[in-house]
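User: Could you walk me through some of the terms used for this model?

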Amino acid sequence: MKYQSQAVAKPYFIAAIGLFVGQILFGLVLGLQYVMGDFLFPEIPFNVARMVHTNLLIVWLLFGFMGSAYYMVPEEAERDLENPKLAIIMFWVFLVAGALTILGYLLVPYSGLAQMTGNDMLPTMGREFLEQPTITKIGIVVVALAFLYNIGMTILKGRKTAVSLVLLLGLVGLAVMFLFSFYNPDNLVKDKFYWWWVVHLWVEGVWELILGAILAFVLIKTTGVDREVIEKWLYVIIAMTLITGIIGTGHHYYWIGTPRYWQWWGSIFSAMEPIPFFMMTVFAFNMVNRRRRNHPNKAAVLWALGTAVMAFLGSGVWGFLHTLSPVNFYTHGSQITAAHGHMAFYGAYVMIVLTMISYAMPMLRGRDAANSNRSQVLEMWSFWLMTVAIVFITLFLTAAGILQVYLQRYSDDPQPFMIVQEKISLFYWMREVAGVVFIVGLLVYISSFFIGNADPENQTEAA
Amino acid sequence: MADPVSTGVCDAMSENTPTISVKFASGIYVLLVSLTLVTWFVGRSSLQGLPLSMLVLVIALFKAQMVGDYFMQLKPLQGMWRWVVSLWLLIPGSLIAIAFYLS
Amino acid sequence: MFDPAAGQGQPGEGPLGAAGEWRNAALPETENRYPPGDLAIWVFILAELAVFGLFFASYAFTRMQHVALFNQYQLTLDRTSALINTVALLTSSYFVVRAVQAIKSNDTQLCQRWLWAAIAMAALFIAVKGHEFAHHFAAGINLSTNTFYMFYLSLTFFHFMHVVMGMVILTAIALKARKGGYSASEHTGVETGASYWHMVDMVWLILFPLVYVMR
């Protein structure tokens, strides 16, 4: 760890992992509720569990991105963070605000929460993923501004690299796009149109820039390949992301009441959204192949390569499967959507945060470069357990989705929703089993932080 | 001063790459404009039919190939990049031809 | 022009320049693997070509289901404007080729002048196409009018934006050339911008016959 202020990343990473566990616990609850509808009713109804599951995911990923930025930027800019104390204060603000919000979801009926938090003054509640009370959203903006100030000033006053500039661009974009969550038109078409400016332009836009920057950083550090080569790839990848993803937003505008040309624009541009992910995969493997050293942190390299592959499969391939409007006409809002959503989020964003934690945490905890062999082996086991589990979750949901779409929409004698849910419930059970394997993997992952700490560090071998 | 259009690494030694002669470039230019006039004339007369459309398409693909070979200087290259434009002309070109054939 | 001492590329001989059109043809194989300019722009060019190619193919296949409609509304397009535009782009591409040749001969001022001429031709395209758009919109035609117009307006507008971007790039290069930023030994930027510009021209060379003429 080259700069003392990089240490502020540690609490962010710890909080991220803690919230990750919470997210998965609620995921298991939801999975069970799919097949046992009364499970935990009325204490934790399905819609509440769902809000907790999705909101926790987004918040822990944000903690992960911020921690990653706090770790990466001093090293890239070659100077200490502008204001480490501010970073710690904001950490607590974000954590407490987040915790209170989740408690609000769980303990208070949603309409009561809206009343308590003065939603009627500036209504922003009630939309998927943006269920947070307005005051929480304002809190997020404050935290984001402080964060951008901190990171921005550090970069501006120091060495500017492609990695840090792309990261900054992604983070600024993240903050700007979040502002659209405050825009709540009465017209339902416009409501949905702009909602996607937060969601799509996040995960299929600026978040990909963050992903690219973190991946490039880890590859530079672990492979020793020339920075210039890696940074050039990064530019090309993010160019493709923006070219395909911005107008690609149109693939969410097929059926919400917008003009018909969106079916063309959305299909044509979003069909090409897998390209940057494909390039990321080629890029990652190419760089590792061309490496000039064998970095002792084998787990981090595994996570990096795994991220590229799973992001391509989950976001790229599974996304492509249902992106063309003639296909989407049938699959819209089905379990196909859930299949893509899980593998995409895990493959791209969960994995890139875990990659960064894998790379940085050993050094944040006092190691020179990597954990002991024992810790790494456990961590790599957790990689495989979680990744294989998510693949199976995705496959089962895909099967459920195909059956659902056929029975409910495509066949000559379409069946009602609940009848079809009954018929596909076997896949839901299988998904839940895969979910249990996932949380086992997560527990193994956490154990890797506690086991093998006394063992000596894994050493660099001659390349 | 940073070059606005270069990302820093020079992949081609541009000072030594083959360059088309002025006379030849001008010749290609005249050819391309002439072919454009042919296409325009067909368009102007609103003639239709598959054979004519195919001819117009082939002329278009040929013109684009000329731009690729001589203006973009792809012709003297060895290796994959020589064929990059040709491949692009082949794939959408064939698809367009097929679509018009089936219309 | 042609260097007899170069060995390969004699008139009537060798793979490079049967008609003596290539100078500096005698080079070791490895140095001729990459297209001119920064390789990153070529990746970008491929991406752009892919999008346009996909759009063209979509146009052609959609037309299959609406042949009469496409034939009918195609006749409402202004083919003369399209001719002017095609010649304008071809001319500007030719001027860019001349600009590259000029800088290879270390003539910065000449390079700059050819670039400005190319930009002027591009401006002509913008003016003519802009006029066409204005005419359509005044007649109440927009993306939702019918499928043909949806494609025609989308394709030409998308291309129009690329002409604008190309003009910005050429202007940047011309300005740098004016300040003496390029030389015979270092002019990657010029070739990079030139390559992009030729792509913009090439796309139009397909677009014009496809949308305005083929029926």
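**Contacts, helices and chains**

Analyst: Happy to! Among contacts in chain B between residues at least 6 apart in sequence, 59% join residues at least 24 apart; two residues are in contact if their C-beta atoms, placed from the backbone, lie within 7 Å. This is a predicted model, where local features need pLDDT of at least 70 and side-chain atom pairs pLDDT 80 or more, while totals for chains, interfaces and linings use all residues. Residues are numbered from 1 along each chain as its sequence is written, and chains are lettered from A and ligands numbered from 1 in the order in which they are written.

User: What makes up the secondary structure of chain B?

Analyst: Chain B has three helices and one strand, in the order β-α-α-α along the sequence. Helices (H or I, at least four residues) and strands (E, at least two) are DSSP runs, numbered from the N terminus.

User: Why is α13(A) called roughly antiparallel to α14(A)?

Analyst: The axes of helix α13 (residues 335-364) of chain A and helix α14 (residues 373-410) of chain A cross at roughly 165° and come within 7 Å. Angles over 145 degrees count as roughly antiparallel, so α13(A) is roughly antiparallel to α14(A).

User: Which classes of residue make the contact of α13(A) with α14(A)?

Analyst: That contact has 10 nonpolar, seven polar and one charged residues. Ala, Val, Leu, Ile, Met, Phe, Trp, Tyr, Cys and Pro count as nonpolar, Asp, Glu, Lys and Arg as charged, and the others, Gly among them, as polar.

User: How many residues does each chain give to the contact of chain A with chain C?

Analyst: Chain A gives 14 residues and chain C gives 13. On the side of chain A, α8(A) has the largest share, six residues.

Conventions. Axes are lines fitted to C-alpha atoms, for helices over the stretch in contact, and angles run from 0 to 180 degrees between N-to-C directions. Angles under 35 degrees count as roughly parallel, over 145 as roughly antiparallel, 65 to 115 as roughly perpendicular and the rest as oblique.
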